[in-house]
Amino acid sequence: MMLLILKDLRDTFSIKQIGLSSHRWLLFRNSWWRKKALTMLFMRTDILMTAADAAIPKTSGKIPKNWKPWWNEECGIAEKRQAKAWNRFRRYPTTDNFIAFKQEKANARRIRRRSQRNSWMSFVNSINSRISPKLLWDKIRKISGYSKNSLYISVLNLNGQVITEIKKIANALGETFATVSSETSYPPEFITYKTTEEGKALNFTTSSNEEYNSDFNLTELNRAIDKSRPTSPGPDDIHLNMITHLSESSLINILRLFNRIWREHKFPISWRRALIIPIAKPGKDPQDPTNYRPIALTSCLCKILERMVNARLVYILETNRWLSPFQSGFRRGRSTLDNILRLETSIREAFVSKKHLVSIMFDMEKAYDRTWRYGIMRDLYRIGLRGNLPIFIENFLGTRTFRVRLGNVLSDSFYQNEGVPQGSVLSVILFIIKINDIIKTLPPFVHGSLFVDDFQIHCSGEDMGFVEKKLQEAIDRINAWGKINGFVISSQKSVAIHFCKRRGLHPDPKLKLNNQTIPFVSEVKFLGLILDKKLAFKSHVNHLKRKCTLSMNIVKILSSSWYGAESSSLLKIYRALIRSKLDYGSAIYGSASKSTLRPLDTIHNQGLRLSVGAFRTSPILSLYVLCNEPSLELRRERLALNLFFKIKSDDSHPSHYNVINPKYGTLFSIRPSFTPTFGFRIGKILRSINTVDFPVLNKSDEFPPWKDISVSFIDIFEKWHKSTTHNLVYQSIFYDHRQQFSGYEPVFTDGSKADNLVGTAVVIRNSIVSGGLHELCSVFTSEIYAIYLALVEIADRNYKKIILYSDSKSAIEALRSVSPLSHPIVLKCVEFYLYLTGKGLNIMFCWIPGHSGIIGNEMADKAARRPATVVDNFVPLCDALQAVKNQLTKKWQRTWDEQNQNKLHDIQPMVKPLKNCALNRKQSVVLNRLRIGHTRLTHKFLLLSEPPPTCARCQCILSVKHILVHCPNFDIHRRNRFGSNICLKDLLAINPILSVIPQTVQKNLYVDDLHISCYARNMQLVERRLQTAINNIVEWSNKSGFTISAQKTIGIHFCKRPLHPDPELFLNGVPISFQDKYKFLGIVFDKRLTFLPHIASLRKRCLRSLNILRTLSNTSWGADRSCLLRVYRSIIRSMIDYGSVVYGSARPSYLKRLDYVHHQALRLCLGAFRTSPISSLYAEAFEPSLSSRRDKLSLITFGFCQTSILYVGHY
């Protein structure tokens, strides 16, 4: 194991560095497994840390100093000059010295401000689509003022004593945490009960071999590592990245260690140690030590093993349906919205039936820290768990120690006698197990829900006395349950709310908890949503608007009109920080009135306007289309439908039947003033998008995590790319493959989707089985269902060896990587495959290219296009969600089609994202405003209440279209830049052919001359990117009716490194030829970019044109000097000038070859003798040298680039 770990870090760590020879490693490898598991854990940890210390640098751990990112050398010089002027004035306090000091001080202040401004602009401009998401959010956190220094605690108030020393603060927090989790924090009566119960031993040993007690396999380990996040390491300083970079053989050895710990029922003491990071509770006094939440950092190795154990435990609990269906916390497919929806549905039903509904939200004091550990083990014992699993949990919950860490300071060690460590993987599910029985204590007519420790109950009825009686009974039962399980229900923090729409005065019931009255409030925050007594959600909308307005400040400071982040990055920030807040709970609070929800539209519209830099008067619908962001109403409808189909696909969901078959339909129909429940609202949304409710496929059961799922595959076509391989090659490879596997029966599958027809087909020998699916099913669903249909057909035949051929690579990859989140039909396929292989069948899967002339595949494809009958009428959840998105997009498109007078509609008639080229903030703002048609020049009058501006020449209202297309004042500029007969779409729409080329490939287009390029150190990466771009261009040209010539398409490989072969690129299956030089737009480019071939070609052409001057420049007769110079400048110098800003970077020795042409032409024009000085020729002809001429043209080009923001090379 240790040898393998060092092998992974071989680049920076060698065996010699730790002083061990190879024969000692061999001796150790042969003897280390005879040692105990815990001893080996310590040895492995030490070796791993030794290797990591040598290979991975460490930080000092000190609090970093605040630095000024804007400080530069110029600021330092200015500060020194100011200090020098001050010293001079201090020694010689004269008026002149004082004035000099004030000038230097003002100059230093001006330089600092300019540096700050430039640094800020540079920082903001760096937020673009080319940086990684991690770097983007690091920048956003810095802008928000978040830093690691904010986690440090400088002062603490403990019992009136102020503590400022870091070590004492850490000890005070540690003592507070230890006190909370100690036995003394429990009530005296529970301590007595606890002592009695803990005297009863729980025997988890068993003689039966339960499957969940089997050894872990490598698949479980890899899955646990993949799901782990690279959080801070524990006391052993082993980071997750160290483990993820280990080889497979090293992971196997770690797996052996885990299995020994699992079987031998030992738990390392070091894994019971934790580092506590105190996190201040929001809105609480940070000087009070009780207002901190302890987050435990434990060993990374322990967390991985915990995750593996957690997967098995959760599977057992979910499969046996031991957990309450009303517990939604940290369960797959469940969320807080389930509990909110259940409560909202009960309230709506109570309103329409003229009933009272009273809800109580309970608060448990220090629920995690006071969880009774023996109670958890007792519950596991009652469930019936025996063997390795419960014994591991028992060892995991043994007496734990912790130290509080503040910066690089550690407190003393403290004991955690009770509770589950916050931050551990197993803690949540163990707490859920302990609190699970609280739901069972509720009496009839009282309903409740749990989200981990957020407990809510409610009861409805026409008689308030009945409601009060039932709720008081429930409170007493809950309180009694808490007393025998170690939980304390806070009577001060528990609140109640009375929902009622009945006329008249209806006093709140009097409910008591621990002889204290539970307070009734007019509104309460439940799982993030503020519920008021009338369920109007007005308070929640106002609160949501305030939160979003604060978050909008980040978008504002990044969205200046002339500098700032890219529009795509700003939209990403808006969606993450603001729209996510608007989305949460929108399926529930979206039932509020339109007037209540209207303030949120302002937030949404402002966020989009700032992101794209649109003018204030821009139409809202144009913003939606330009940003490809629907209105909040459409967004709420989509999220509501997603929630509906998600619940519909899970028949075990507690709201499943209430959503599908909502109650009180008659009452809601005769009382339209009452807002209907969620199920009725969904029906209205489905009717608005012209969709009929359809059956959704129920989710499939998961596979046991300890079951190693292995599916056999054959990869014979993986190395052959479809775009570069001829069909005859594929057919030859396939026939060779069939000869090799002639003993296996071939089965071909295929799926198809065209218009409203989805078909699937299977070909076995000469028999064809085909069928149709629901029209909303995707192509992937039809492909994977064809594989499932083939497995069903195989089960009815007497074949022993079978190979299933499918032309869907995504379906094959889905079978290769099965997870609980896989497509439900994929899970069915794997389940049926394991069943068949268990009966002795040998089944393998193989991908084959489609439409390549393979007979069986062609037959399956033809049959899938024309299915005989409908075999299934289901729609998987993933396809249902995609169908919802498509239908809402069509609804959005219908609304956009009605906007015929909208200026953006002429440019963008379809609702789809606009792909911009690489533009900076100022360029994108200008372009977006021109597209929308609202600019400061044309629409400022709306803000100032003035008449619209008119064109001075045309006497018509000034508009973007008039200026860019019609106005005669700009005809010259229009023709020079864009030619004649142009329209607004030609000017402002992104060229389609450029939009299909990936951003990693540079592209240029001059009319029909297209050039793409890509650079990287890895030639394979360049080849892959360019081939992708070529394939996209070919696909676009085929759809658009253009033909790309493979013979005339040329490639050139620019490289100064020796012995690097050219990439292999193909266009329509024909290899692209690479040349050493190529003429592109009049300039000859060579591989080394020396421009020598271009200069030679240019000199040759110019010398040929000199013959005209020779015939006109006889010494005794001929044209005059001015005419000859005019002829030279137009015919010869124009050729030399073209591209001189580019080829002028060539060597001076190469450029001198053109000087001969220039000098000879001037001599002919002036009639000078051959020995005339060159400088005299320049002065006499008033013609500078070619070097000066190139410099002038370069400066002119630079000035043009600098002044034209739409120029591609502006920045």
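# A guided reading of the predicted model

Strands E3 (residues 273-280) and E4 (residues 292-297) pair in the antiparallel sense over six bridges. Helices (H or I, at least four residues) and strands (E, at least two) are DSSP runs numbered from the N terminus, and two strands pair if DSSP finds at least two bridges between them. In E4, Ala296 is the bridge partner of Ile276. E3 also pairs with strand E6 (residues 400-406), here in the parallel sense and over four bridges; Arg273 stands opposite Thr401 in E6. Strands of a sheet pair through backbone hydrogen bonds, either parallel or antiparallel.

The model is predicted: local features need pLDDT of at least 70, side-chain atom pairs count only at pLDDT 80 or more, and totals for chains, interfaces and linings use all residues. Residues are numbered from 1 along each chain as its sequence is written, and side-chain values use heavy atoms, with hydrogens and water left out.

For the annotation "domain: Reverse transcriptase", an unreviewed UniProt entry lists residues 260-531. UniProt positions are given in the numbering used here, feature names are shortened, and annotations may be inferred rather than shown by experiment. The span 260-531 is 33% helix and 23% strand, and its end C-alpha atoms lie 52 Å apart.

An open sheet of four strands has the order E9-E10-E5-E11, with antiparallel pairing. Strand E9 (447-451) and strand E11 (495-499) are its edge strands, each pairing on one side only. From one strand to the next, the twist averages 15 degrees. Strand E5 (residues 356-362) pairs with E11 in the antiparallel sense over five bridges, and Ser359 stands opposite Ile497 in E11.

The description now turns to helices. Two packed helices are described by the angle between their axes and the distance between the axes. Axes are lines fitted to C-alpha atoms, for helices over the stretch in contact, and angles run from 0 to 180 degrees between N-to-C directions. The axes of helix H9 (residues 218-227) and helix H11 (residues 248-264) come within 10 Å and cross at roughly 105 degrees. H9 is therefore roughly perpendicular to H11; angles of 65 to 115 degrees count as roughly perpendicular, those under 35 as roughly parallel, those over 145 as roughly antiparallel and the rest as oblique. Leu218, Leu221, Asn222 and Ile225 of H9 meet Glu248, Leu251, Ile252, Leu255 and Phe258 of H11, where contact means heavy atoms within 4.5 Å. By class, this contact of H9 with H11 has seven nonpolar, one polar and one charged residues. Ala, Val, Leu, Ile, Met, Phe, Trp, Tyr, Cys and Pro count as nonpolar, Asp, Glu, Lys and Arg as charged, and the others, Gly among them, as polar.

Helix H18 (residues 538-557) and helix H21 (residues 594-612) have axes that come within 9 Å and cross at roughly 10 degrees. The two helices, H18 and H21, are therefore roughly parallel to each other. Their contact includes Val541, Leu544 and Met552 of H18 and Leu597, Leu600 and Ile603 of H21. The residues of the contact of H18 with H21 divide into ten nonpolar, five polar and three charged.

The end C-alpha atoms of residues 741-869 lie 33 Å apart, and the span is 40% helix and 29% strand.

An open sheet of six strands has the order E16-E21-E20-E17-E18-E19, with mixed pairing. Strand E16 (713-714) and strand E19 (767-773) stand at the edges with a single partner strand each, so one side of each is left without a neighbour in the sheet. Strand E20 (residues 801-806) and strand E21 (residues 842-847) pair in the parallel sense over six bridges, and Ile803 stands opposite Met844 in E21. Helix H27 (residues 727-740) lies across E16, strand E17 (745-754) and E20, and runs at about 165 degrees to E20. Helix H31 (residues 855-865) packs on the sheet, touching E17, strand E18 (757-764) and E19, and its direction makes about 35 degrees with that of E17.
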